Amino acid sequence: MRVMLKATLDTEKSNEAIRSGKLPEMMQETIERLHPEAAYFGPLGGRRTCLLVLDVEDSSQIPPIGEPFFAQFDAEVEMTPVMNAEDLRKGLSQLR
């Protein structure tokens, strides 16, 4: 299932990672580990935020996906099922 992960990073923890020069390395490791379909980074609600679109095959994948964000950044993590246009067309066609 396609899900969008929203990780809102703790400001102090992410400031530490920036000052130490480790933030780019940590984000690269995350992308290599999760292989997102899409990855976006920017300020949402005034805080550093990562938006990743992932394919999650089984709910048992949720802990290893989310825990690094909690452990490294004291992040608030949300995972929401999402669809692309093709998924939406397929789903809507089943309503007939």
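**Ground rules.** I number residues from 1 along each chain as its sequence is written, and I leave hydrogens and water out, since side-chain values use heavy atoms. The model is predicted, and I therefore note that local features need pLDDT of at least 70 and that side-chain atom pairs count only at pLDDT 80 or more, whereas totals for chains, interfaces and linings use all residues.

**Overall layout.** I looked up the secondary structure and found four helices and four strands in the chain, where helices (H or I, at least four residues) and strands (E, at least two) are DSSP runs numbered from the N terminus. Along the sequence I read the pattern β-α-α-β-β-α-β-α. The C-alpha trace spans about 55 × 30 × 20 Å along its principal axes. I took contact to mean heavy atoms within 4.5 Å, and among contacts between residues at least 6 apart in sequence, 68% join residues at least 24 apart. Of the 96 residues, 27% count as buried, the term meaning under 20% relative accessible area, with exposed being over 50% and partly exposed in between (1.4 Å probe, protein chains only).

**The sheet.** I then asked in what order the four strands of the open sheet stand. The order is β2-β3-β1-β4, with antiparallel pairing, and two strands pair if DSSP finds at least two bridges between them. Because β2 (38–44) and β4 (76–81) stand at the edges with a single partner strand each, one side of each is left without a neighbour in the sheet. Neighbouring strands are turned by 20° against each other on average, direction ignored; for such angles, axes are lines fitted to C-alpha atoms, for helices over the stretch in contact, and angles run from 0 to 180 degrees between N-to-C directions.

I traced the pairings next: seven bridges join β2 to the antiparallel β3 (residues 47–55), and P43 stands opposite R48 in β3. Helix α3 (residues 62–73) packs on the sheet, where I find it touching β1 (2–8), β3 and β4, and its direction makes about 150° with that of β4. The hairpin formed by β2 and β3 has two residues between the strands, and G45 in its turn has a positive phi of about 60°. On the other pairing of β3, I noted that β1 and β3 are antiparallel over seven bridges, with L52 in β3 as the bridge partner of L5.

**Helix α1.** I looked up what starts α1 (11–19) and found that D10 caps its N-terminal end, a side-chain oxygen lying 3.2 Å from the backbone nitrogen of E12. The buried residues of α1 are S14, N15 and A17. Seen down the axis they fall within an arc of 160°, so they line one face of the helix, the arc being that of the directions from the helix axis to the C-beta atoms. Their cover includes α2, β3 and α3. After α1 comes G21, whose phi is positive, near 80°.

**Helix α2.** I found twelve residues in α2 (residues 23–34), reaching 16 Å from its first C-alpha to its last, close to the 16 Å expected at 1.5 Å a residue; the expected span is 1.5 Å times one less than the number of residues. Which residues of α2 are buried? They are L23, M26, M27, T30 and L34. They cover an arc of only 95° around the axis, which puts them on the same side of α2. What covers them includes α1, β2, β3 and α3. H35 follows α2, with a positive phi near 50°.

**Residue A75.** I ended in the loop between α3 and β4, where A75 is found. A75 counts as buried because its relative accessibility is 7%. Leaving aside neighbours within four places in sequence, A75 is in contact with A7, T8, L9, D10, F69 and F70. A75 and E37 are 38 residues apart in sequence and 21 Å apart in space, C-alpha to C-alpha.

Notes. A polar contact is a pair of N or O atoms within 3.5 Å; within protein, one must be able to donate a hydrogen and the other to accept it, and residues adjacent in sequence count only if both atoms are side-chain atoms.
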